[in-house]
Amino acid sequence: MQPIIQIQGVGKTYASGFTALKSVDLDIHRGEIFALLGPNGAGKTTLISIICGIVNASSGRVLADGMDIVADYRAARSLIGLVPQELTTDAFESVWDTVSFSRGLFGKPADPAYIEKVLRQLSLWDKRNSKMLALSGGMKRRVMIAKALSHEPGILFLDEPTAGVDVELRRDMWEMVRGLRDNGVTVILTTHYIEEAEEMADRIGVITRGELILVEDKDRLMHQLGQKQLHLILQTPLDSLPAPLQSFNLELSEDGSQLTFTFDAHQETSGIAELLSSLSEQGIALKDLQSRQSSLEDIFVNLVHRPEASA
Ligand SMILES: Nc1ncnc2c1ncn2[C@@H]1O[C@H](COP(=O)(O)OP(=O)(O)O)[C@@H](O)[C@H]1O
Ligand SMILES: [Mg+2]
């Protein structure tokens with residue numbers, strides 16, 4: 001199936017001369033939740049602003065459902081809803097008017113039944129007549145989502161949907177976003193919270209300094225991250241791995257002084273107990289043990305904070 005969004009060689013150099021995006025290639029699949037994960041200043045907002053037609057790309061092109069977002073601006077834009085990072089609304093307008101007006105901006109005829117559906121889905125129906133200024137921060141955010149959905153887009157962008165939001169509200173937001181996905185909306189969210197990407201996304205793209213450095217299926221990524229290693233430092237070096245130990249996932253270091261045992265941290269039993277008793281049966285004594293688990297956090301920190309390759 002054709003990806004719902006195709007980003008091809010997209011770069012952005014701002015008028016200041018600063019290059020915020022180098023050359024990004026990315027396909028977004030229909031119906032997925034894609035998390036664009038990266039630290040502040042990585043270029044997340046720039047990238048989604050380009051896709052949404054708010055910022056012009058310096059190079060490359062973007063297709064939304066096969067339509068060029070520049071040449072076919074109107075058609076492409078009508079497919080897309082955006083909840084920006086900064087929330088802005090008219091304080092004195094009612095929820096109903098705010099959301100209905102947004103739909104009108106896209107030239108769509110009024111459809112009260114659809115607006116009602118969106119407001120109900122976002123648990124805003126009871127607040128439809130409230131003025132924006134009377135709403136809590138969490139509800140304001142929901143209204144922003146309702147506005148973004150007002151013209152029935154199939155693709156929703158959420159720029160840092162839970163930045164500065166308390167933990168409980170964050171959970172609500174995640175729940176809501178899943179609900180949207182289950183209703184067939186493709187969701188692209190940006191975040192600098194690893195936990196959010198881990199919790200929400202079907203796929204994760206890591207962006208730093210204007211470069212997309214990793215795109216991976218979340219489950220696959222988590223599985224890779226679930227590999228744990230146990231380093232066994234031996235009293236006496238071994239020439240080779242004794243036969244009874246060969247059924248374990250073990251690697252003997254070059255000098256024979258260390259064994260590395262790799263196991264899946266998601267499995268119920270790690271096999272460490274069996275390994276240790278097998279070692280003692282073989283009369284292999286240990287000087288020390290070290291255990292290590294790579295986490296998304298480690299990978300992220302490594303990728304993002306490595307020194308500039310060219311520097
Ligand atoms: N209008 C602009 N002019 C010049 N530089 C900008 C502009 N907008 C953003 N930048 C710079 O581009 C980089 C990426 O910004 P942004 O896309 O907002 O990152 P993120 O959303 O990942 O935090 C930052 O260094 C930012 O300062
Ligand atoms: Mg941003």
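## Basis of the description

A residue is called buried if 20 or more other C-beta atoms lie within 10 Å of its own, exposed if 12 or fewer do, and partly exposed in between, with C-beta atoms placed from the backbone. The model is predicted, and local features need pLDDT of at least 70, side-chain atom pairs count only at pLDDT 80 or more, and totals for chains, interfaces and linings use all residues. Residues are numbered from 1 along each chain as its sequence is written, while chains are lettered from A and ligands numbered from 1 in the order in which they are written.

## Overall form

The chain contains ten helices and 14 strands; helices (H or I, at least four residues) and strands (E, at least two) are DSSP runs, numbered from the N terminus. Its radius of gyration is 25 Å, well over the 19 Å that the globule rule gives for 311 residues, so the chain is more spread out than a compact globule. That radius is taken over C-alpha atoms, and the rule is 2.2 Å times the number of residues to the power 0.38. The C-alpha trace spans about 80 × 45 × 35 Å along its principal axes.

Of the 311 residues in the chain, 32% are buried. Among contacts with a separation of 6 or more, 70% are between residues 24 or more positions apart; two residues are in contact if their C-beta atoms, placed from the backbone, lie within 7 Å.

## Domains

The chain is divided into domain 1 (1-79 + 154-226 + 294-311), domain 2 (88-152) and domain 3 (228-293), with bounds that come from an automatic or database domain assignment. Taken over C-alpha atoms, the centres of domain 1 and domain 3 are separated by 40 Å.

Four strands form an open sheet in the order β2-β1-β4-β5, with antiparallel pairing. Two strands are taken to pair if DSSP finds at least two bridges between them. Strand β1 (residues 5-13) and strand β4 (residues 59-64) run antiparallel and are joined by five bridges, and Q8 stands opposite R61 in β4.

Q6 is placed in strand β1 and counts as partly exposed, with 17 C-beta neighbours inside 10 Å. Leaving aside its neighbours within four places in sequence, Q6 is in contact with D27, V62 and L63. The C-alpha atoms of Q6 and D68 are separated by 9.4 Å, although these residues are 62 residues apart along the chain.

Strand β7 pairs in the parallel sense with strand β6 (residues 80-83) over four bridges, where G81 has L156 as its bridge partner. Strand β7 is also joined to strand β8 (residues 186-191) by five bridges, and these two run parallel; in β8, the bridge partner of I155 is T186.

## Hairpin and positive phi values

Strand β9 (residues 203-208) pairs with strand β10 (residues 211-217) in the antiparallel sense over six bridges, and T208 stands opposite E211 in β10. The two strands β9 and β10 form a hairpin with two residues between them, and R209 in the turn has a positive phi of about 45°.

Two further residues with positive phi lie in loops. S123, a residue other than glycine, has phi near 55° and lies in the loop between α4 (112-121) and α5 (137-149); S123 is partly exposed, with 13 other C-beta atoms within 10 Å. E152 counts as partly exposed, with 16 C-beta neighbours inside 10 Å.

## Surroundings of ligand 1

The shell around ligand 1 consists of Y14, S16, F18, A20, G38, N40, G41, A42, G43, K44, T45 and T46; a residue is near a molecule if its C-beta atom, placed from the backbone, lies within 6 Å of it. Helix α1 (residues 44-51) provides the largest share of this shell, three residues.

By class, the shell has four nonpolar, seven polar and one charged residues. Ala, Val, Leu, Ile, Met, Phe, Trp, Tyr, Cys and Pro count as nonpolar, Asp, Glu, Lys and Arg as charged, and the others, Gly among them, as polar.
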